[in-house]
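I opened my notebook beside the structure today. Here is what I looked up, entry by entry.

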Amino acid sequence: MSVETRIKRVTAPQIADRKGGTPIVALTAYTAPLAAMVDQHADLILVGDSLGMVVHGLPSTIGVTLEMMILHGQAVVRGSQRAMVVVDMPFGSYEESPQQAFRNAARIMGETGCGAVKLEGGSRMAPTIRFLTERGIPVMGHVGLTPQTTHTLGGFKTQGRDAESWPRHVQDAVDVAGAGAFAIVVEGVVEPLADRITETVAVPTIGIGASVRCDGQILVLDDMLGLTGRVPRFVRRFADLGAQADGAIADYAAAVRERRFPGADHVYR
């Protein structure tokens, strides 16, 4: 009789317990092959609505649909085994009411098998977060620069440059944590404000364009691999795969035109 050894995924309570501990490693992924690679190294994989721009060529995240998030969420869950998978709730899928948010969050979790959902917004979204968590849906919060509201923010602007706004941002994080979020993404805020938020809330903060002192970090995978064009200042490119891919494609094209490919080893005899 064989015994199947199942790898247990990281859970929301385990992420929550990492407050003040070893930094949480998080990356985005949108496809099964890349999810499998990220899974070997990350604690958390976010199926971010950034897929609208990175994969589908949209100008922003606003046009991302629930169906798109579910499709990519399914691929990432299938491609990974250990890391916790969190799926973004797209614009328009949760803002109307807690009931709307629950229906769509339940659909995301049921159809993808992910471990949690993420939604943007501070104090105004706290009632919705509480509604979801009280009904068994783990929620990751997102404060600071919230890409889904860039039209009202006036663009992708760093938050907290004026100290007068700090209390509002800190209160956003406090309310999100108090409503039951197991972790909070802190995006695009000045470093001392990110530190203040991290020191204040009892749940882990995961920074992106924030501070090294956050409880974890996240980047868009394609950005840090050098597969996208111009990137924000906070992105460090750990590889330049875009240039390598461009060179490989050029070599392939030349080999085809010069009838050097396929060669003897690439055909059936």
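**Entry 1: a cysteine in a loop**

I began with C214, which lies in the loop between β7 (205–208) and β8 (216–219). Helices (H or I, at least four residues) and strands (E, at least two) are DSSP runs, numbered from the N terminus. This is a predicted model, where local features need pLDDT of at least 70 and side-chain atom pairs count only at pLDDT 80 or more, while totals for chains, interfaces and linings use all residues. Residues are numbered from 1 along each chain as its sequence is written, and side-chain values use heavy atoms, with hydrogens and water left out.

Is C214 buried or exposed? I found a relative accessible area of 5%, so C214 is buried. For these words, buried means under 20% relative accessible area, exposed over 50%, and partly exposed in between (1.4 Å probe, protein chains only).

I then listed what C214 touches: A194, T198, T205 and G207, not counting residues up to four places away in sequence. Contact here means heavy atoms within 4.5 Å. I also looked up A75, which is 139 residues from C214 in sequence and 29 Å from it in space, C-alpha to C-alpha.

**Entry 2: another loop residue**

Next I turned to S80, in the loop between α4 (66–79) and β3 (84–88). S80 counts as buried because its relative accessibility is 5%. Leaving aside neighbours within four places in sequence, I see S80 in contact with R9, A35, D39, I45 and V85. I noted V38 as well: S80 and V38 are 42 residues apart in sequence and 8.1 Å apart in space, C-alpha to C-alpha.

**Entry 3: aromatic pairs**

How many aromatic pairs does a search of the whole structure find? It finds two. Rings of Phe, Tyr and Trp (its six-membered ring) pair if their centres lie within 6.5 Å; planes under 30 degrees apart count as stacked, over 60 as edge-to-face and the rest as tilted.

F102 is partly exposed at 27% relative accessible area, whereas F131 is buried at 17%.

The rings of Y252 and F261 have centres 6.0 Å apart and planes at 65°, so this pair is edge-to-face too. F261 is partly exposed, with a relative accessible area of 37%.

**Entry 4: after α11**

I reminded myself that most residues other than glycine have a negative phi, and most peptide bonds are trans. The peptide bond from F261 to P262 is cis, with omega near 0°. P262 is in the segment after α11 (241–257), and R259 has its place in the segment after α11. R259 has a positive phi of about 55° although it is not a glycine. I found R259 exposed, with a relative accessible area of 75%.

**Entry 5: the whole protein**

Finally I stepped back. I counted 11 helices and eight strands in the secondary structure of the protein. Of its 269 residues, 49% count as buried. Along its principal axes, the C-alpha trace spans about 70 × 55 × 35 Å. Residues 24 or more positions apart account for 57% of the contacts with a separation of 6 or more.
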